[in-house]
Amino acid sequence: MTEIIQQLANGITKGSFYALIALGYTMVYGIIQLINFAHGEVFMLGAFIGLWTFNFGASTFGWGAGSIVALLAVLLIPTLTTPLVGVGLERFAYRPLRNAPRLAPLITALGASFALQQLVAVFYTRGFPAYPELFPDGSITIAGAQIKYLWIFMVGLSIVLMLGLGAFIRATRLGKAMRATSEDRDTARLMGINVDMTIALTFIIGSALAGIGGVLAGMYLGQVNFFMGFIAGLKAFTAAVLGGIGNIGGAVLGAFLLGILETFGARYLGGQWQNVFAFAVLILVLVFRPTGLLGERVGV
Amino acid sequence: MDTATAPPQQQAPAGNAVAHAWSRIQLPLLAAPVGGAVGVVGAYLYWTIRRVLVRGETIAGDLLNFGFGGVRLYVLVLALLATAHGLLLLLRPALRNQVQGGVLGYLGLGLLGVPIAWTFVLVTFNSVPVTDVGPGAWVTMAGGAIVWLSARSLRGAPAGPAPAEWPRRSAVLDVGLLVVAEVVAFVVFLHGVEVEDPSAFLGFFVAAVAVGLALSRLGVFAGLAGPLHRARVAAILILAVLLVVFPLTQSGNTFWVRVAAQAAILVLAALGLNIVVGSAGLLDLGYVAFVAIGAYTAALLGEAALTSQFGEALPHVPFILVLLVAAPVVAAIFGVLLGAPTLRLRGDYLAIVTLGFGEIVRITLNNVDPVTRGPNGIASIGDPGLGGWNMSQGVTVGGTSISGTAVYFYLGLSLIALVLFVVYRLNDSRTGRAWVAIREDEVAAAAMGINTTRTKLLAFAAGAFFAGMAGAELAHLGTQVSPDSYTFEISVLILAMVVLGGIGNPPGVVLGAVILTFLPEKLRDFSDIRFLIFGIALVLIMRFRPEGLLPSARRRRELHATGETAAAESQQLFDVRSGT
């Protein structure tokens, strides 16, 4: 029992940052029907920007582990900077190709992903820089299973962000514009919606969530590397497909499910098969239920 | 802009003859031969202040002397071309049009770019202080800039002739033109292979690209398409002779022959991927998995591997059977296994599933120790033989010894010839046309009675088949296989070859694969940023030249129709409120 709860807690924590990435995937897919391969790299950049922020703060202001200012800065600065990357990608790589054949933006996305990943790789050739421990180290015990404070914080923060996003899309004018754009871009334009800006906004929100997800993942894993975005991005995409692409609730559900499935899979089948497990889930879902658990909804 | 067309009569001094001469000269254009001459002077000046040592050797062409070699030679050629072209434009006002302006502009940019590239490499990668770069480089840059600015004065000139195929004059002339074109290209390529110093090579590369662009603007390539269409067989024969000669030009050194053999293998793989991506329009991001499956099949069937595990119980499979049957068929079977359930999916889902499949294959190879020996891979695969002949030992024909590496290169060439033949026959077949129909519009294709799933499956299997073949040769060339050789990066590399060359056009794909195999070898000093450059290149190609270097005629029309016309139309229709 202890074992099961422990694995469950692990899986949910993992699921929380998968969910933060999956939201960006699913929103972008919902609005322009593009698999934004570079999204995983935005997540990776978020983690690295957090690390650079901390290193800068540590050498300039003498931040140490457990400093509240440091924690806030490391959470906020990546969240504010990754949207620039996302918008830059949208503006210079995807927007010019909006009317091109579908293969073109997909290859562009792949190239952008590759370029971003290798850009970081140039600085950290094969390194695994350690992530600062900013969160007080401690845990509560439930039925013998140790659950760290950090994990609770991560899951809590992600849930707050997701609920906030849901409310934003349901209740605000901009959210309404996003829904309209994803339903029918041309009609939305005729209704006076600034479609380009709405699409850019989608990238901004998605990238911000991925950026904060990167920081959380860095804290959770204790280290970062330049190829973490590739695998995490693939898994987040799997999660989005599992829940039903374009569907926000689905992405969150899919992410938590995938996190749990993966943790148990790795526990009982061996860690070296962990990634195979995620991909196998993806292929099985696509083959047997391509619209995902909650149904595909092209529309955010 | 007006300065180019309207002669500046105000300044004309008295006397009709002088005024006439002045009106023909035009100040901005006068700058072009001057800039070219400045470039010539630059080529003769010192390029470094002190003796620059890279890896213990003075870099190519002693740049402290006035001698030639390396980067100065390219600069001299470009500068002389720019001077001559500039003088021609001065003396022949009829030639002043945008085409000639473009040609002059590319020459100027080349003259500007060569020293910049050379300086960049020296300063960035060989840590030579920028103050050690001599006046020659700076003067040449100035000359290039002058030529380029001068060429810009022709932007308002008449458009000039549109590129067209050169008409037939005589069969001999056609073949002669092809011989000249191919031999020149071959010699330039050989020279590029010979240049060892990275700074000089980048200079060479920039110069070659500049001259290539200038020739393209001049319509030479479009013109050559005429003889090429009329004398296709001759063109192929000339190319075949040059390729066969290539290993003999390397005077016993097998390094570049080995690279050429690798290039041939990657051409095979890229041609296979081109069936999937180019013909059928299915984005396969895990294509390297099929290469891996072919390679492992060949390794396991190779003499050393399986027999050592299972004793002598297994029969020895001849290499030719492994290469042409076993490895490709096994890969194709995996292609069908992956494709059968997933090909019903939409295109972008397929991309991510194939990506996942590529990872699954790699991880599986890594983890199934008993068969694949895990991360270590299978080493010392036996030498392939044909009858009693050991291919890796090479052969002596009429007193000329051909190395084992060259034999692999020739083997690759024959396989390419075979695959190209099959590919062209396939593309013209009912199946090939069905692929194109599916690529264009799957729903319409299905409505026309095409069994889309089966047709797509066939494309997948064909692509995997050729990948398996490439993998088998790769395994034997490298004499070992390991999971690390078949990563996602290689899938992207092969995709980049297809995209760079021209999606859907086999000659373009061959060109793309050759470029992307040789360039990284030449730019080993940049190996850290190699994949970074690939990524950026993919983005830029899709943005500015989605049809690739050598597009198929259909693709070019398509992309330009959907890209520009459609975008323009939707702009007009919907630009009411949205501010872009």
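Select I381(B) to start: this residue is buried, with 23 other C-beta atoms within 10 Å. The cut-off for buried is 20 or more, so I381(B) qualifies. Keep in mind that the model is a predicted one.

**Around I381(B)**

I381(B) sits in the loop between α16 (369-372) and β3 (385-386) of chain B.

Step on to T479(B). This residue belongs to the loop between α20 and α21 (488-501) of chain B. Check its backbone: phi is positive, about 55 degrees, although T479(B) is not a glycine. Most residues other than glycine have a negative phi. Is T479(B) buried, exposed or in between? T479(B) is partly exposed, with 16 other C-beta atoms within 10 Å.

**One helix in chain B**

Select α18, residues 430-440 of chain B. Color A434(B), W435(B), I438(B) and R439(B), which are buried. Then look down the axis of α18(B). The buried residues fall within an arc of 140 degrees, so they line one face of the helix. An α-helix has 3.6 residues a turn, so residues three or four places apart point the same way.

What covers that buried set? Show α11 (255-279), α19 (442-447) and α20 (452-478) of chain B, which are among the covering elements.

**Chain B as a whole**

Zoom out to chain B. Expect 24 helices and 6 strands. Of its 580 residues, 43% are buried. Take the contacts in chain B between residues at least 6 apart in sequence: 80% of them join residues at least 24 apart.

Color chain B by domain. Domain 1 covers 26-237. Domain 2 is made of 253-383 and 400-566. The C-alpha centres of the two domains lie 35 Å apart. How many residues of each are in contact with the other? In chain B, 4 residues of domain 1 touch 4 residues of domain 2. On the domain 1 side, the contact has 4 nonpolar residues, with no polar and no charged ones.

**Where the chains meet**

Show both chains. Their contact takes 41 residues from chain A and 41 residues from chain B. On the chain A side, select these elements, each giving two or more residues:

- α4 (103-123) of chain A
- α7 (185-190) of chain A
- α8 (195-221) of chain A
- α9 (228-243) of chain A
- α11 (274-288) of chain A

Which element gives the largest share of this side? That is α4(A), with 13 residues. By class, the side of chain A that touches chain B has 28 nonpolar, 9 polar and 4 charged residues.

**A helix pair in chain A**

Select α5 (149-171) and α6 (173-183) of chain A. They pack at an angle of about 80 degrees, with their axes 5 Å apart. The two helices are therefore roughly perpendicular to each other. From α5(A), show F168(A), I169(A), R170(A) and A171(A). From α6(A), show G175(A), M178(A) and R179(A). These contact residues divide into 4 nonpolar, 1 polar and 2 charged.

**Last stop**

Select Q33(A), in the loop between α1 (2-32) and α2 (39-60) of chain A. Phi of Q33(A) is near 50 degrees, a positive value in a residue other than glycine. Q33(A) is partly exposed, with 16 other C-beta atoms within 10 Å.

Notes:
Residues numbered from 1 in each chain as written. Chains lettered and ligands numbered in written order. Predicted model: local features only at pLDDT ≥ 70, side-chain atom pairs only at ≥ 80, totals over all residues. Contact = placed C-beta atoms within 7 Å. Helix = DSSP H or I, 4+ residues; strand = E, 2+ residues; numbered from the N terminus. Nonpolar A, V, L, I, M, F, W, Y, C, P; charged D, E, K, R; others polar. Buried ≥ 20, exposed ≤ 12 C-beta atoms within 10 Å, placed from the backbone. Domains from an automatic or database assignment. Arc of directions from axis to C-beta. Axes fitted to C-alpha atoms, helices over the stretch in contact; angles between N-to-C directions. Parallel < 35°, antiparallel > 145°, perpendicular 65-115°, else oblique.
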